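Welcome! Let's walk through this model together, one question at a time.

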Amino acid sequence: MHESHPSRRAVITAAIAAAASAAAPATSAAAGQYLPPGRTLNPWLAGTMGGEGGRAAIPLTAQVFLLALLSEGVRIREHDGWRTHNRNHQGPWGPVDGVMLHHTAGTNSLRVCRTGLPNLHGPLCIGLIAKDGRVHLIGYGRTNHAGSGSAALLDALRRNAPIPVRTGRDTVDGNARFYGFEIENLGDGHDPYPAAQLDAVERVCAAISRAHGWSSGRVVAHKEWTRRKADPSFSMAEMRAQVAARLAGR
Ligand SMILES: [Zn+2]
């Protein structure tokens with residue numbers, strides 16, 4: 001899709017900076033828990049937020065996250081209470097290390113993503129990416145999407161190294177470490193991912209990566225996080241290449 005609205009993008013970029021500036025004092029205080037004693041940073045400087053080189057990556061505020069998506073041209077539907085619907089009371093969210101993608105293995109998954117399953121409390125993700133490319137924001141923060149996974153993968157992300165082909169044992173709490181997104185698809189290898197949907201996935205991943213100063217290598221699959229899972233069912237190498245091209249193209 002053409003980048004046909006540079007003025008709109010400029011307006012939104014300025015809004016991100018304004019929101020970030022306004023939120024800085026509270027967020028800087030919150031950031032302290034992730035930093036070694038005596039170390040300070042301004043989390044709103046691009047790159048500093050990224051965690052490259054082992055630095056702490058503070059989660060974006062809901063407002064900055066929303067503006068980042070809009071800036072990337074993501075079509076959004078905001079559902080009631082999404083900014084505060086999370087599992088943060090059950091465990092940490094952050095420092096964050098990447099974006100994790102899933103497929104729903106079902107249809108009409110909005111309600112279950114919001115409220116969860118009998119044995120798994122919702123929200124199950126931050127956003128559900130529908131077949132039409134609409135991104136439904138249903139939560140923000142820690143969500144029940146990743147479960148435990150590979151310390152080796154996490155280490156690779158932080159070193160900007162290639163994703164390990166074989167993941168290690170499941171020892172790390174992924175719900176604390178990743179922005180989780182569900183992609184509506186049966187995951188049977190036959191159900192197609194429409195172009196609009198893949199475009200939305202690419203934009204969501206690019207938006208978060210750009211805001212954090214991350215490379216496309218921070219975009220991972222649930223199937224790469226743990227051997228227990230096989231989602232999403234598309235090629236992550238291709239998706240990361242798409243995200244990389246988008247990040248380089250602006
Ligand atoms: Zn999954």
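Q: Which residues does Val204 touch, not counting residues up to four places away in sequence?
A: This is a predicted model, where local features need pLDDT of at least 70, side-chain atom pairs count only at pLDDT 80 or more, and totals for chains, interfaces and linings use all residues. Residues are numbered from 1 along each chain as its sequence is written. Two residues are in contact if their C-beta atoms, placed from the backbone, lie within 7 Å. By that rule, Val204 touches Leu69, Val74, Gly127, Ile129, Val135 and Phe181.

Q: How many residues does the largest nonpolar core have?
A: A nonpolar core is a set of buried Ala, Val, Leu, Ile, Met, Phe, Trp, Tyr and Cys residues joined through C-beta atoms within 7 Å. Here a residue is buried if 20 or more other C-beta atoms lie within 10 Å of its own, exposed if 12 or fewer, and partly exposed in between, with C-beta atoms placed from the backbone. Ala68, Val99, Ile129, Phe181 and Val204 have the most contacts inside the largest core, and its residues number 49.

Q: Which helix gives the most to this core?
A: Helices (H or I, at least four residues) and strands (E, at least two) are DSSP runs, numbered from the N terminus. The protein has seven helices and ten strands. With eight residues, the top contributor to the core is helix 5.

Q: Which residues of helix 2 are buried?
A: Helix 2 spans residues 62–71 and is mostly covered, with seven of its ten residues buried. Just after helix 2 comes Gly73, with a positive phi of about 80 degrees. The buried residues in helix 2 are Val64, Phe65, Leu66, Leu67, Ala68, Leu69 and Ser71.

Q: Are helix 2 and helix 5 oblique or roughly parallel to each other?
A: The two helices pack with their axes 8 Å apart, at an angle of about 125 degrees. Axes are lines fitted to C-alpha atoms, for helices over the stretch in contact, and angles run from 0 to 180 degrees between N-to-C directions. Angles under 35 degrees count as roughly parallel, over 145 as roughly antiparallel, 65 to 115 as roughly perpendicular and the rest as oblique. Helix 2 and helix 5 are therefore oblique.

Q: Which residue does a cis peptide bond join to Gly122?
A: Most residues other than glycine have a negative phi, and most peptide bonds are trans. In the loop between strand 4 (120–121) and strand 5 (127–129), there is a proline. The cis bond, with omega about 0 degrees, joins Gly122 to Pro123.

Q: Is Asn108 buried or exposed?
A: Asn108 lies in the loop between strand 2 (98–103) and helix 3 (110–115). Although not a glycine, Asn108 has a positive phi of about 50 degrees. Because Asn108 has 9 C-beta neighbours inside 10 Å, this residue counts as exposed.
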